[in-house]
Structures are given as C-alpha cells and as structure tokens.
Amino acid sequence: MAALPHRQLVQLGAGHAHLHVLRMWSQNPIPGVGLTVVNDSSHAVYSGMFPGLLAGLYSPAEVQVDLWQFVPACGARLFIAPVQGLDSQTRRSHLPDRPPLPFDAACVALG
C-alpha cells in the first residue's frame with residue numbers, strides 16, 4: 001500500500017467548482033499533495049448543464065456525473081459519506097463510521 005502524500009486537500013461536496021478542480025487536477029496534479037473528495041452520493045449533478053436540462057436539451061441522466069468513475073480517473077480519492085462536522089482547529093473533517101479525515105486545506109462546494 002502506498003503512503004499518503006505529505007499534504008492533503010479535501011473537497012467537501014461535488015459541486016460544479018469541485019468537478020472543475022478535479023478535471024484540472026487530472027491534467028496537472030500538485031506533487032506531494034493528495035486530493036480527496038467527500039460527497040453524500042455517488043453521483044453529482046453538473047450544475048453547469050442544469051439550464052439545458054430545464055430547457056429540455058439534456059436528460060436527467062446526461063447532467064449526472066458518476067463520481068466512482070470520475071474522481072479516481074482524475075487521480076483523487078473518493079469517500080461516499082455525509083460530512084458530520086468540520087474542525088478547523090485540528091484540521092479534521094468528521095464522517096460517520098470512520099476515523100476523522102485530516103486535511104491541510106478544505107473547501108466546500110455543494111452545487
């Protein structure tokens with residue numbers, strides 16, 4: 001098993017901005033930094049396509065991103081769990097049924 005990178009960036013939620021960061025990460029990851037995504041569902045709605053969904057240009061399936069495929073393909077880890085807490089003092093996010101998830105930087109983008 002490989003050791004975790006020295007620094008950890010944790011994205012809480014799989015909103016539009018985080019999906020964009022993941023895509024950019026796949027093209028140019030930061031050496032020595034690990035990226036982890038925590039989302040409460042294995043699928044995310046790509047909100048940039050939502051107006052097209054409302055206009056009838058896309059089906060609901062077309063605006064969904066399968067995070068089980070997308071996140072690892074971008075070189076990041078994925079946890080499917082609701083975030084139960086965030087402690088900025090200790091830099092840990094709390095998820096049910098697992099140890100706290102440490103981070104050096106965390107950001108929130110839900111959609």
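How many disulfides does a search of the whole structure find? The search finds zero disulfides, a disulfide being a pair of cysteine sulfur atoms within 2.5 Å. The structure is a predicted model, in which local features need pLDDT of at least 70, side-chain atom pairs count only at pLDDT 80 or more, and totals for chains, interfaces and linings use all residues. Residues are numbered from 1 along each chain as its sequence is written, and side-chain values use heavy atoms, with hydrogens and water left out. The structure holds one salt bridge, and an open sheet of three strands has the order β6-β7-β8.

**Cysteines**

- A disulfide is a covalent bond between the sulfur atoms of two cysteines.
- The closest cysteine sulfur to that of Cys74 belongs to Cys107 and is 14 Å away, which is too far for a bond.
- Cys107 is likewise in no disulfide, its nearest cysteine sulfur being that of Cys74.
- Cys74 is buried, with a relative accessible area of 7%, whereas Cys107 is partly exposed at 29%; buried means under 20% relative accessible area, exposed over 50%, and partly exposed in between (1.4 Å probe, protein chains only).

**Salt bridge**

- The side chains of Asp104 and Arg7 meet in a salt bridge, with an N to O distance of 3.5 Å; the term requires a side-chain nitrogen of Lys or Arg within 4 Å of a carboxyl oxygen of Asp or Glu.
- Asp104 lies in the loop between β8 and β9 (105-108) and Arg7 in strand β1, so the pair ties together parts that are 97 residues apart in sequence.
- Helices (H or I, at least four residues) and strands (E, at least two) are DSSP runs, numbered from the N terminus.
- Asp104 is partly exposed at 29% relative accessibility, and Arg7 is partly exposed with a relative accessible area of 44%.
- Side chains of opposite charge can pair when their charged atoms come close.

**Sheet β6-β7-β8**

- The pairing in this open sheet is antiparallel; two strands pair if DSSP finds at least two bridges between them.
- β6 and β8 are the edge strands, and each of them pairs on one side only.
- Strands β7 and β8 run antiparallel and are joined by two bridges.
- Ser93 has Leu101, in β8, as its bridge partner.

**Asp87 in strand β6**

- Asp87 is found in strand β6 and counts as partly exposed, at 25% relative accessibility.
- Leaving aside neighbours within four places in sequence, Asp87 is in contact (heavy atoms within 4.5 Å) with Arg92, His94 and Phe103.
- A polar atom of the Asp87 side chain lies 3.2 Å from the backbone nitrogen of Thr90.
- Asp87 and Pro102 are 15 residues apart in sequence, and their C-alpha atoms are 9.6 Å apart in space.

**Loop residues with positive phi**

- Arg91, in the loop between β6 (85-87) and β7 (92-94), has a phi near 55°, a positive value in a residue other than glycine.
- Arg91 is partly exposed, with a relative accessible area of 42%.
- Asp97 lies in the loop between β7 and β8 (101-102) and has a positive phi of about 60° although it is not a glycine.
- Asp97 counts as exposed, at 84% relative accessibility.

- Gln8, in strand β1 (residues 7-12), is buried with a relative accessible area of 9%.
- Leaving aside neighbours within four places in sequence, the contacts of Gln8 include Gly34, Leu35 and Thr36, together with Arg77, Pro102, Phe103, Asp104 and Ala105.
- His18 is found in helix α1 (residues 16-27) and counts as buried, at 4% relative accessibility.
- With neighbours within four places in sequence set aside, His18 is in contact with Gln11, Leu12 and Gly13, and also with Cys107, Val108 and Ala109.

**Asp66 in strand β4**

- Asp66 lies in strand β4 (residues 64-66) and is partly exposed, with a relative accessible area of 26%.
- Not counting residues up to four places away in sequence, Asp66 touches Ser42 and His43.
- The C-alpha atoms of Asp66 and Val37 are separated by 13 Å, the two residues being 29 residues apart along the chain.

How values were computed. A polar contact is a pair of N or O atoms within 3.5 Å; within protein, one must be able to donate a hydrogen and the other to accept it, and residues adjacent in sequence count only if both atoms are side-chain atoms.
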